Amino acid sequence: MKRKLILAGALALALSVSACGGGGTAAAGKTGGTLNLAVSQALKSWDLAEAGNGQDQEYYQPVFDSLFRLDSKGAPTANLATSWEYDKALTTLTLKLRTDVKFTDGTPLDAEAVKANLMHTKAGKGEAAALVKAISDVQAPDSSTVVVKLSTPTPSLLRSLGNVAGMIASPKSLANPQSPVGSGPYTLDISSTTAGTEYVYAVNPNYWNKDAFPFDKVDIKTISDRTALTNALLSGQLDGSSVAADRIDAVKAGGLKTDTVSPGVVEGLYIWDRKGTIVPALADARVRQALNYAFDTASIVKIAKKGLGTPTSQHFTSDSGAFVPGLDQTYKYDPAKAKALLAEAGYANGFDVVMPDISSLFPEMQAAMVEQLGNIGIRVKLDKIPFDQFMPSILAGKYAMSYFKTGGTDPWITIQLIVAKQGTWNPLHFEDPHANDLIAQISRSTGDEQTKAYQELNTYLVKQAWNAPWDVVKDTYASSKKVEVTMNPFYNAPPLYNFKPAAN
Amino acid sequence: MVVFLIRRLLAGILLVILVASATYIMLNFTGSDVARNIVGETATPEQAMAKAAELGLDRPIGVRYFDWLGTTFTGNLGKSWFNSVPVSTTLLTALPVTLSIILGALILSAMVSVVLGSIAAVRAGWLDKSIQVGAVLADSIPGFLVALILAMVVAVNLGWLPATGFVPFQRSVVEWLRSITLPSIALAFGATAATTQQLRGSMLDVLRLDFVRTLRSRGLSDRRVIFKHVLRNAAPPALTVLSLQFIGLVGGAVIVEKVFGLRGIGSIATSAAVQGDAPVVLGVVIVMVVIVVAVNLIADLAYGWLNPKVRAE
């Protein structure tokens, strides 16, 4: 019996000794050690044509290099493309490429490779693909020159090419992208990777810009559960991850650093049925304005969102050229005025509306929304659908309005999402001739003239009460003291080159 | 014995077919638009319909069912509708995770319950009462709470073991053991309580039997009487409880996997069921039923080993 106890004791000791040596987080010094990150959503696909533009980018960044990098203002800076130029009509973009880059399978990264990638991505169904749909043709006059032809001027194109849509994979891997082959700073270590759980990346010894990536290894875990993610951060298993608002206090108390970033997403009540097909009242701008007056956005942000948001009345964020500061004062919380507007439009007794139930994910938002709409006489009936049906149902045009959040740091992307007739988040294809004229004006112009047109469109959308925005969402990123991280609002999470080992 | 084995195997196969068929039929009534979920939010209705046709979802349910049954019988579980990964590959990745923590929990549960059950039965008095009260308490504490406390105290505060993740056995035995220790303890908690109670009760029954008095009168030591004779005779009912616990542990693993960030059968089944990824859900169901049938068979064989009377019957 004594022998067994000794054995059990030795085993426990071995486990705890091993615990001291485990963890393998980033170390300061010449070698950066391992950078341990976590992403809450599983990787969709290694095929860039199917790629999402959100959390997928974190899995892609180690292996795929992009044509540009984006600085903290969203301006493109050189990466695989060293210079770029538009023609006067803004429909031809000429790129000059680096000439010293090879994919990890030995294929040179040249103009033909970029052409193959852009045409491949454009043909896909992913979010990244949607951002480069205006590309009509790509030409490769010589090995380091790429000419991109656009069917219509696309002000957001350079920013899109600085992200997933501009990532370049080996042309040989495009047909069957079971595992990624790129030219990025790391390669996927397939033997250490468990698909769906953990992706391990080893250094690419031939990368052209090695100094920008000081870590020897990058380990990205997929952890969807908030508790597991928080525990992994607190126990030192992770060096960085986005965290939910209700976990911020816990990670701060555990000694982790937190940074907030605003990726240009605006949440609130989105009015899908501006034509009044489902709920005729919504065709009247006065009714939509009443909806804007109905919400106490300051309290929603303070209570339901724990302060993680900036109340707003517009869809464009303060770092965007389209932002108009004074517009945020347009609809101050005023239920009496809301009721008066409804009465003026002929709806003194309010109206009934069916909205999708979002209590499984955003219970506080839903409670605030239903209560405050009820206060002005709008009776909400909640449709209990599985959450996986939430977005498909909206896209299918099932609801007149609902809670939603979308947007981007680039105002053109926001316009394409919510204003354009075929915009993804304009599911009932509402069209406004004046808004269309302003969009055309934006696409034809540059500089101050373009900014003026953006602001004019923004003002028009707010006055028309396109939606009833509540706040500009703020995301929080937590990082360990072993790393230094610089945030960039133009990426979903800090880009990989913004991570460095801490100085001491 | 051979006839017994064949009968159990045939019953097992029938059970697999029945459960999988029932699952298949139920999956068709979830109301989820799988084709739309697959092609994504930005696809047109035509693309969604084309996807439905590609998956064969536009055919009558009866045709689809027999088609699926035929393919499955050839050993082909198909591919995930969402990521095209073969179901067998997904299961081979997830099964080691879940089986590791369940096996760990069963071993822990068996070891601890033998020690506690024997002490409670033999020593009686305050020690017995304490163990009984402790078992009731342990049985009433939800597994997810134990998992949360273990993760917070042992992994986060003390830093002794990892808070999340699974390391495959073949990559590092020590790291594998470290990665499954906390999830296994969390899972074993309730199972140990029930098995301890069962073992204590059946040991008390055996201790009252004549043959025990006879063995003692022959001068055999207490330790030999208890561990060689009493425990062996008292074990079958406890083994039944333990084998039933296995099925419960599969369900409990879903929560424990979530808390420890493990991608095991539980999390695979949950996400596949939410998405409506029928091939994956059916693959999981088939594999789990096969395992449950196998565990019951092993338990039956173990009775025979423990008690020759059963073998003769």
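**View 1. Strands β10, β11 and β12 of chain A sit side by side through antiparallel pairing.** Strand β10 (residues 186-188) of chain A pairs with strand β11 (residues 198-203) of chain A in the antiparallel sense, over three bridges. Strands here are DSSP E runs of at least two residues and helices are H or I runs of at least four, both numbered from the N terminus; two strands count as paired if DSSP finds at least two bridges between them. Look for A:Tyr186, whose bridge partner in β11(A) is A:Val203. Next along, β11(A) is joined to strand β12 (residues 217-222) of chain A by five bridges, again running antiparallel. There, A:Val200 stands opposite A:Asp219 in β12(A).

A quick note on the model: it is predicted, so local features need pLDDT of at least 70 and side-chain atom pairs count only at pLDDT 80 or more, while totals for chains, interfaces and linings use all residues. Residues are numbered from 1 along each chain as its sequence is written, and chains are lettered from A and ligands numbered from 1 in the order in which they are written.

**View 2. An open four-stranded sheet in chain A, in the order β16-β20-β15-β19.** The pairing is antiparallel. At the edges are β16 (309-311) and β19 (401-407) of chain A, each pairing on one side only. Neighbouring strands are turned by 25° against each other on average, direction ignored; the axes are lines fitted to C-alpha atoms (for helices, over the stretch in contact), and angles between N-to-C directions run from 0 to 180 degrees. Zoom in on β16(A) and strand β20 (residues 468-473) of chain A: three bridges hold this antiparallel pair, with A:Gly309 opposite A:Val473 in β20(A).

**View 3. Helices α8 and α10 of chain A pack at an angle of about 165°.** The axes of α8 (residues 285-294) and α10 (residues 335-344) are 8 Å apart. The two are therefore roughly antiparallel, the label for angles over 145 degrees. Their crossing is left-handed, that is, the near helix is turned anticlockwise from the far one by less than a right angle (clockwise would be right-handed). Among the residues in contact are A:Tyr293 of α8(A) and A:Leu341 of α10(A); contact means C-beta atoms, placed from the backbone, within 7 Å. The contact splits into eight nonpolar, one polar and three charged residues, where Ala, Val, Leu, Ile, Met, Phe, Trp, Tyr, Cys and Pro count as nonpolar, Asp, Glu, Lys and Arg as charged, and the others, Gly among them, as polar.

**View 4. Over in chain B, helices α1 and α12 pack at an angle of about 155°.** Helix α1 (residues 2-27) and helix α12 (residues 278-306) have their axes 9 Å apart. This pair is therefore roughly antiparallel too, and its crossing is right-handed. Residues that meet here include B:Arg8, B:Gly12 and B:Leu15 from α1(B), and B:Val285, B:Ile286 and B:Asp300 from α12(B). The tally for this contact is 15 nonpolar, two polar and two charged. As for the rest of the chain, chain B has 13 helices and zero strands, and its C-alpha trace spans about 85 × 55 × 35 Å along its principal axes.

Note on methods:
Parallel < 35°, antiparallel > 145°, perpendicular 65-115°, else oblique. Contact = placed C-beta atoms within 7 Å.
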